[in-house]
Amino acid sequence: VAVSFFLLAAGCMACFSSNSATKSTGFGYFLLLWGLFALLWIDWTAKNVLHCVSSGSCARLFYLGEDRQGSQPTMQSFKLATTKYLGASCFGSFLMALIQWIKIMAESAKNQNQKNGNIAGAILACLCVCILSIFEDIFRIVNSYALIYVSMYGNKFWTSGKMVWKL
């Protein structure tokens, strides 16, 4: 879905940019940025669902033992990760995609300012990229452990995030 939306956005942008009479590429850029965000979100959602499956399987083995965990523990974890815990995975993925999306735009602004010779703008954008990189790294760790708590205890994402922050 995200790939087709991204291709649609790229096609619209190509149509708008080839039409020299209108010179209006704002909508095409909007679609391209939205498509990029959709790709990031789908990518993080797939990663987080797989993370919930693997951590749920490990937690099931650890807490229940080999004899009480059932015949298909990975399938049971997959069912939980794609039904009950999907909201937590999607929400954590949304936040990660949003941080990365803003960081990509800040890096683009930094490159554009460097190309135009705007030193102050380039320094400010570089500072934003640095802060966003630190925030991304911190949230990546919190997101990972919060999803482990979600798959182990069945908590909501915010509750699990608070539990991780108290560690």
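A: In this predicted model, the secondary structure of the chain consists of six helices and zero strands, and the pattern along the sequence is α-α-α-α-α-α. Of the 167 residues in the chain, 35% are buried.

The structure holds three salt bridges. Two of them may be considered together, as Lys103, Glu136 and Arg140 are linked in a network of salt bridges. In one, the side chains of Glu136 and Lys103 meet at 3.0 Å, N to O. This pair links distant parts of the chain, for Glu136 belongs to helix α5 and Lys103 to helix α4 (residues 86-116), 33 residues apart. Both Glu136 and Lys103 are buried.

Glu136 also forms a salt bridge with Arg140, where the closest N and O atoms are 2.8 Å apart. Here both residues lie in helix α5, four residues apart, which is about one turn of the helix. Glu136 has a relative accessible area of 4%; because buried means under 20%, Glu136 counts as buried. Arg140, at 33% relative accessibility, counts as partly exposed.

A further salt bridge joins the side chains of Lys47 and Asp43 at 3.2 Å, N to O. These residues are four apart in helix α2 (residues 26-68), so about one helical turn separates Lys47 and Asp43. Lys47 is partly exposed, with a relative accessible area of 42%, and Asp43 is likewise partly exposed, with 37%.

Notes:
Residues numbered from 1 in each chain as written. Predicted model: local features only at pLDDT ≥ 70, side-chain atom pairs only at ≥ 80, totals over all residues. Heavy atoms only, no water. Helix = DSSP H or I, 4+ residues; strand = E, 2+ residues; numbered from the N terminus. Buried < 20%, exposed > 50% of the residue type's maximum accessible area, 1.4 Å probe, protein only. Salt bridge = Lys/Arg side-chain N within 4 Å of Asp/Glu carboxyl O.
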